[in-house]
Amino acid sequence: MTPREAILGKIRSQISVGSDDTNRRAAVANRLSNAPRGVIPERGQVTLAKCVDLFCKKAEAVQATVDRVSTYDAVADAVSSYLRGRNLPQSVRMGEENRLETVDWSKTPNLTRSFGPSDGSDPVGLSHAEKAVAETGTLIMTSGSANPTTVNFLPETHIVVVHSQDISGDYETSLNQIRKQYGKGRMPRTVNMITGPSRSADIEQKLLLGAHGPRSLHIIVVDD
Amino acid sequence: MNQPKVGLFVTCLVDLFRPNVGFSAVDLLEHAGCEVFVPPAQTCCGQPAYNSGDRADTRAIAEQVITAFEKFDFVVAPSGSCAAMLKKHYPELFQGDADWQERVKVFSDKVFELVSFLTDVMFVQDLDVKFEGSVTYHDSCSGLRELGISHQPRKLLAMGKGVELREMKEPDVCCGFGGTFCVKYSDISNSIVEKKTANIETTEAELLLAGDLGCLMNMAGKLSREGKTIKARHIAEVLAGRLDGPAIGEAK
Amino acid sequence: MKITTPEFKSNAVEALANPNLQKAMGHVQVGFIEKRQTAANGLPEFEALRDNARDIKNHTLAHLDLYLEAYSEKVEQSGGHVHWAQTAEDARNTVLDICRKANAKTVTKGKSMISEEIGINDFLEENGIAPIETDLGEYIIQLRGEAPSHIIAPAVHVLKEQVEADFRAEHTHLDANRNLEEPETLLDEARTVLRQKFIDADVGITGANFLIAETGTSVIVTNEGNGDLTQTLPRVHIVLASIEKITPTLEDVSQILRVLARSATGQELSVYTTFSTGPRRETDVDGPDEYHVILLDNGRTNMIGTEFQEMLRCIRCGACMNHCPVYHAVGGHAYGWVYPGPMGAVLTPSLEGIEKGGNLPNASTFCGRCESVCPMHIPLPKMMRHWREREFERNLNPAAQRWGLKIWAWIARHPGLYSIGARVAAKGIATLAGKNGRLSSLPLAGGWTKYRDLPAPEGQTFQQLWRARGGR
């Protein structure tokens, strides 16, 4: 008997599954295909405009900073002025992201962009979120050449652009959108839900930002 | 409603250590319009056996309690812990026993802790609480978490014009009694009750109140060992105005 | 790891006499409790979510075999490997096997209680592979050669001065005169030291908060980002997870996530919730080449179908220990194995046997605060009582205690006799106390009077006085 058979067999005997487990199989198939949503907090069940406001408020409550711009073209200046305000170098690491490619970067000639995954030497990372969730100010990032996962974690400062249309009220809605995008039962290799900058309270319960991931998380919401 | 017949489940600790609590309970129940009976065939609710894993003896004791009390309209105990045993845990003991299950359910539905019985069942609105001075109230765990007793004692105390309630820090945290726990794990119990008496002392109240004699004996015994002056009484004694005798553990 | 649970009592006495520990435990009592309450109050649906979270896990456990099958099929479909481990030893050997095939010299680790349960660090070291804990708290206790004392705050028993001393002893390549007084500087130092280790590691091992049957995904929930660096940078990612981590769908995980962080740290959501599915794909530019999941049983299947099944709903938030007066008093190490506090008091005898774990379900006042805050509504006191019942059935408790109980119970079943006994005791103890109203010592009551006085009885029983008054 393989370990797999042993474990599954033991479970079946402990639950006293008889020879016919048609009903149990149907219950499992049913839940996996219907995926009931459960209890959804009211707070996110509002108009898109209010959802975006809630997202910004919640992100700020967990020590992220938020900027709102009205076009993708304005992103270049928003990135550049954020870096200037923080005395950071005008240089970002990023993936090959279609939406960020539409930005007119020529307006910020001092800002250099390099592409690909991060090896830990980049002070600033720039990403585009796939989705975002208003109820807790959470960004949802998906892996791939457009948004390498290492860019989310290695740079000390992480700037994330999100489109306001991609913000929903609750996790279930956002994850279901990803499910539809990738096909039922499939997921991107990595999905990162990010809620504020990295932190630790492991020394005497004192909350400190920037444990291993970014110390600063700056979000640019594009409302076009 | 006709005058309800109440069987008083005295509890073993009140019977042995502090009859004054029993008489206070009788006064309060009678004042609320009840006719009070005290069946002689009562000893203990069975918790020491139940919490030691001895289900057979617990069940035998439970049968005895149910038989002695099921004829009354209500069964009332001046203890959240014993009332919770009768109300919440007895049904569990008889689960799956067709002969007893329904009988136990009928019994358990009639069981109440004294203070919450006065407020939630008898709807006592006026109580002439004679005590004048400051008190602090400890929420005993079983009453609080198994029976939801928290606002009821405070509500009754507030009926006393001269009662000043000074809440302690963490009134809802265990005092470390825990029945046999306090002797089996006396070092840990001591550490827990030390934190409790420190919180009690900070209030500078004159009197510590609670609804369970076990917790009270633990806290009063610790306060007295630490040489603290605050006195301890069961809340029923204050509500009934039976304050002539010494407080719990106080010299005569 | 070596289990010292049978010595719980002496462990506890030692812990109570340890001033550093007592000071550190003060931080637990304040921080976690208020934050959890604020977070719970801030979400009107919190109670409804708790109920649903319980129902989701109950459903999953009732169909665990089928969900495990569905999950493992999805992992294989996404290019990952599933390894089934019946025992801790099986799991250790599987990890070693994967590490050897990868020619691993160093292994970074995200925080994982399962890795503690199977004792992987010692085992890897014995086999010439260096495990490096990367969670700040885990890193601190690894330097100290200790086990975690809390399931989500492993170094909660350590003071910052102790961390400073540990860092100075370990990081000898750094300037000896550097300032390390503040937690900030300690954190920075750990970040710098560990950064290179993340990059150099050949294998990364993480735990999992959830395994999603629908998609074959493992989920970790962290705040530091160390778990993500652990599972993204090395060539090989190993997920160590026990079988009850299975959760059916993305929606079900979302539901439980809402109660997890709120109950644990009082956050609405932890900073990083990461879903990993298989190894990196052609479209990926980073991530591991190999993805392995080790599904551990180690005694859990024995709990299914028994009165302890509900314990398998546990999501390891730590709320029970954060609210436990016994845990506050003695800290986590006194419990003597991997899992402390109320959840440990149920889990330790379940996984390691009641013979070794018997102290833990007994060392509870049954105050019920753990159950009242458990996001999964696990009836912890009830299950501790069930362990006491098993112990009693098997005559495992001390003979004196059993006989004392039996005699008391026999008398309690004979009200006439009981009433005589009560009268004698009431009179006798009252007489001994005299006018003092209390006793500072009494034969056979040493457990009580060691630390507190015994308030004296009034002298006559209530029943006596009631009958004398003509009461019915």
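**Chain B and its neighbours**

Okay, let's start inside chain B: 29 residues of domain 1 are in contact with 23 residues of domain 2, where contact means that the C-beta atoms, placed from the backbone, lie within 7 Å. On the domain 1 side, helix 1 (12-17), helix 2 (19-31), helix 3 (47-50), helix 5 (80-93) and helix 7 (114-121) of chain B each bring at least two residues. Helices here are DSSP runs of H or I with at least four residues, strands are runs of E with at least two, and both are numbered from the N terminus. That side of domain 1 has 13 nonpolar, 11 polar and five charged residues. For the classes, Ala, Val, Leu, Ile, Met, Phe, Trp, Tyr, Cys and Pro are nonpolar, Asp, Glu, Lys and Arg are charged, and the others, including Gly, are polar.

Quick housekeeping: this is a predicted model, with local features needing pLDDT of at least 70 and side-chain atom pairs counting only at pLDDT 80 or more, while totals for chains, interfaces and linings use all residues. Residues are numbered from 1 along each chain as its sequence is written, and chains are lettered from A and ligands numbered from 1 in the order in which they are written.

Back to the domains: domain 1 of chain B is 5-121 and domain 2 is 133-240, with bounds from an automatic or database domain assignment. Their centres, over C-alpha atoms, are 22 Å apart.

Next, the partner chain C. Here 60 residues of chain B are in contact with 54 residues of chain C. Among the helices of chain B that supply at least two residues each are helix 4 (55-69) and helix 11 (186-203). The chain B side divides into 30 nonpolar, 17 polar and 13 charged residues.

Zooming in on helix 11 of chain B, its axis and that of helix 1 (residues 8-16) of chain C come within 9 Å and cross at roughly 35°. Axes are lines fitted to C-alpha atoms, for helices over the stretch in contact, with angles from 0 to 180 degrees between N-to-C directions. Who meets whom? B:Asp187, B:Ile188 and B:Ser191 meet C:Ala12, C:Val13 and C:Leu16.

Last stop, chains C and A: 79 residues of chain C and 63 residues of chain A take part in the contact. There's also strand pairing (at least two DSSP bridges): strand 9 (residues 190-194) of chain A and strand 9 (residues 272-276) of chain C run antiparallel over five bridges. One of the partners is C:Ser276, bridged to A:Thr190.

How values were computed. Two residues are in contact if their C-beta atoms, placed from the backbone, lie within 7 Å.
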